[in-house]
Amino acid sequence: MIDLALYQPDIAQNTGTLIRLAACLGTTLHVIGPAGFDMSDRNLKRAGMDYIELATVVRHVGWADFETFATGAGRRLVLATTQGSVPYADYSFRDGDIVLMGRESAGVPEAVHTRADGRIVIPMRPGVRSINVALSAAMIMGEALRQTGGLPKL
């Protein structure tokens with residue numbers, strides 16, 4: 001299975017949306033703290049709706065905690081970044097990968113870039129900055145699960 005991780009998310013609504021995505025796809029969502037909001041935030045709950053109870057969400061106190069988990073489990077980290085050079089649809093995802101999304105306001109620090117096993121990008125028109133993190137994660141997770149046969153069966 002492919003997991004999704006959010007590095008210090010800033011916006012409760014995006015995290016709630018991704019909790020809903022994780023519930024629908026049957027994947028685990030890792031939230032790497034500190035978050036820029038209280039995880040009991042009403043906006044998080046509103047965006048996640050009744051899917052929050054169906055989702056598997058693992059909270060990590062900080063980057064070191066998450067990195068210990070990922071390394072210990074032998075999981076490959078695939079960072080979505082505007083600085084990536086491999087389009088996400090051209091990347092060869094493997095079962096067990098964790099797709100890592102950066103903070104909405106600042107991405108991830110250089111140490112996280114360095115630690116990532118792969119750096120992927122969503123190709124975009126020149127002159128635009130980025131796509132919303134929840135939309136980006138949905139695009140990438142769809143492709144990763146398609147490649148690995150991890151999409152839920154109808």
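This is a predicted model: local features need pLDDT of at least 70, side-chain atom pairs count only at pLDDT 80 or more; totals for chains, interfaces and linings use all residues.
T15 sits in helix 1. Setting aside neighbours within four places in sequence, its contacts are L6, P9, L29, V31, F37 and L44. M39 is 24 residues away from T15 along the chain, and the C-alpha atoms of the two are separated by 9.1 Å.

Now the cores. The largest nonpolar core has 32 residues. Which residues have the most contacts inside it? They are M101 and I140. Strand 1, helix 1, strand 2, strand 4, strand 6 and helix 5 are the elements that give two or more residues to this core. Strand 2 covers residues 28-32. As a general remark, nonpolar side chains in soluble globular proteins tend to be buried together.

Beyond its neighbours within four places in sequence, M101 is in contact with L4, A5, L6 and Y7, with A80, and with V133, S136, A137 and I140. Another core lies apart from the largest one; it has 13 residues, among them L79, I98, L100 and V112.

Next, helix 5, residues 133-148. At 1.5 Å a residue, its 16 residues should span 22 Å, and the end C-alpha atoms are 22 Å apart, so the two agree. Where is the cap at the N-terminal end of helix 5? N132 provides it, with a side-chain oxygen 2.7 Å from the backbone nitrogen of A134. Just after the helix, G149 has a positive phi of about 75°.

The buried residues of helix 5 are V133, A134, S136, A137, I140, M141, E143, A144 and L145. You will notice that S136 and E143 are on that list. The cover over these buried residues includes strand 1 (3-7), helix 1 (12-25), strand 4 (77-80), strand 6 (98-101) and strand 7 (118-121).

Helix 3 is the other helix I want to show. Its buried residues are W63, F66 and A70. Why are they said to be on the same side of helix 3? They cover an arc of only 65° around the axis, which puts them there. The face turned away from the buried side carries the exposed residues A64, T68 and G72. Over the buried residues of helix 3, the cover includes strand 1, strand 2, strand 3 (56-60), strand 4, strand 6 and helix 4 (110-115). Just after helix 3, G74 takes a positive phi of about 65°.

That brings me to the aromatics. A search of the whole structure finds four aromatic pairs. One is Y7 with W63: the ring centres are 6.0 Å apart and the planes are at 65°, so the pair is edge-to-face. Y7 lies in strand 1 and W63 in helix 3, so this pair ties together parts that are 56 residues apart in sequence. Are Y7 and W63 buried or exposed? Both are buried.

Y91 and F93 also pair. Their ring centres are 5.0 Å apart and their planes are at 65°, so this pair too is edge-to-face. Y91 counts as buried because its relative accessibility is 12%, under the 20% cut-off. F93 has a relative accessible area of 7%, so F93 is buried as well.

Last item: Y7, W63, F66 and F69 form one aromatic cluster. Of those, W63 and F66 are among the buried residues of helix 3.

Definitions and conventions: Residues are numbered from 1 along each chain as its sequence is written. Side-chain values use heavy atoms; hydrogens and water are left out. Helices (H or I, at least four residues) and strands (E, at least two) are DSSP runs, numbered from the N terminus. The expected span of a helix is 1.5 Å times one less than its number of residues. Buried means under 20% relative accessible area, exposed over 50%, partly exposed in between (1.4 Å probe, protein chains only). Contact means heavy atoms within 4.5 Å. A polar contact is a pair of N or O atoms within 3.5 Å; within protein, one must be able to donate a hydrogen and the other to accept it, and residues adjacent in sequence count only if both atoms are side-chain atoms. Rings of Phe, Tyr and Trp (its six-membered ring) pair if their centres lie within 6.5 Å; planes under 30 degrees apart count as stacked, over 60 as edge-to-face and the rest as tilted. A nonpolar core is a set of buried Ala, Val, Leu, Ile, Met, Phe, Trp, Tyr and Cys residues joined through side-chain atoms within 4.5 Å. The arc is that of the directions from the helix axis to the C-beta atoms.
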